[in-house]
Amino acid sequence: MKAVYATDLSAASEATIRNETCLECLERIGVEEVHLVTVIPSNVHVGMPGMDFEKRRAEALERYRRVIEDAGFDVETHVVRGTPHRRITGLAETIGAGLTIVGSRGKSPLENRVIGSTARNLARTTVTPLLVNRIERETEEPAVREAHLFRRVLYATDFSENADRAFEAFSYLRHATREATLVHVRTPKDPDLPDEDDAEERLAALADRLEEWEIETRTEIREGDPADEILAAEADHEPTTTLVGSRGHSRLRRLLLGSVSEDIVARADGNVLLVPPPRTA
C-alpha cells in the first residue's frame, strides 16, 4: 500500500512522523511506500525577503525521509505549491495511494496549517481513506495522543453502502486491531431507520466477522444526534481510532453524511479514519 503523509513541518506534525509505534502500526496494515508532502500556500510569495521556502521545506523533508526509511519504508518527498487540501488530494489520486495521513492541531512558523480547516477540507474531498492522527493540544512538546493507531477501533455505521465500505477497512486494520466497538445511532425522528431488532442483528453479523479474525468485539445502539452520540461513544470506550464512512448514499439522511463525518474529524479526541465513497466516473 502507498500512503501520502502530509506535513506542515510544525512540531505537532513532526511528532506523528517520528513516533516509532505509529510507523510500526502503518507497517502492520500493509503500508510499504510513503510519500511525504508539504504544501506552500499560494498566498506565500516566493520573493519574500530572506525566505527560500522551497529549499527550507525540502531540507526538512529530507530529515523526515531518513526517519521513515530507517523504519523500513520506501520514501519519496514532494514540496508543492497551492491550496493544501487540493494538492494533497491530487497527489494521493495521482500515485494511487491507499491512505492519506495528516496530523491535527499543529501550527508551523509559516502559519501553514495541515490541521483544522485543511483536515476538514480533506474530509470533504479525499479520494482515499483519510487518517487524522490526533496530537496533544496546547503542549510545548507535542506528542501523538494514541501511538497504537488501530489497537482499539470504534466503528460507527448507519448501514448505508458507504458505511459498509468503511467496515471493509478491517480487512487490513485487523493486523493491528485487538478490540472493536460497533455502534449504530438511532434517530427516532427518521422513519427510514431500521427497527431495533434489525439493527441488533446487523451489528451482530458484523461482530461475527470480526470475531473470526480474533478481534474482541462489542456492539452498541444509541439514540440521538449522530455526531454527538458517536463522540459520546468515543468518550465511553476510549478507542485509539474512530472509523467512519463519509457521504453515504442511503435514505438515512441524518446519519454519517458529510457534515457528521466532518464533525467527527473536527471534534474527536482521538484518531479518525474516514473512508470516502468510491469515485464515480
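Author: The largest pocket is lined by Thr21, Glu24, Cys25, Arg28, His148, Phe150, Arg151, Arg174, His175, Ala176, Thr177 and Arg178, where a pocket, on a 1 Å grid over the protein atoms alone, is an open set of points where a 1.4 Å probe fits, with protein on both sides within 12 Å along at least five of seven lines, and a lining residue has an atom within 4 Å of a point. This is a predicted model, in which local features need pLDDT of at least 70 and side-chain atom pairs count only at pLDDT 80 or more, while totals for chains, interfaces and linings use all residues. Residues are numbered from 1 along each chain as its sequence is written, and side-chain values use heavy atoms, with hydrogens and water left out.

Sorted by class, the lining holds 5 charged, 4 polar and 3 nonpolar residues; Asp, Glu, Lys and Arg count as charged, Ala, Val, Leu, Ile, Met, Phe, Trp, Tyr, Cys and Pro as nonpolar, and the others, Gly among them, as polar. The volume of this pocket is about 200 Å³, a volume being the space filled by probe spheres set on the points, which are joined across faces, edges and corners.

Among contacts in the chain with a separation of 6 or more, 79% are between residues 24 or more positions apart, a contact being heavy atoms within 4.5 Å. The secondary structure comes to 10 helices and 10 strands, taken as DSSP runs (H or I, at least four residues, for helices; E, at least two, for strands) numbered from the N terminus.
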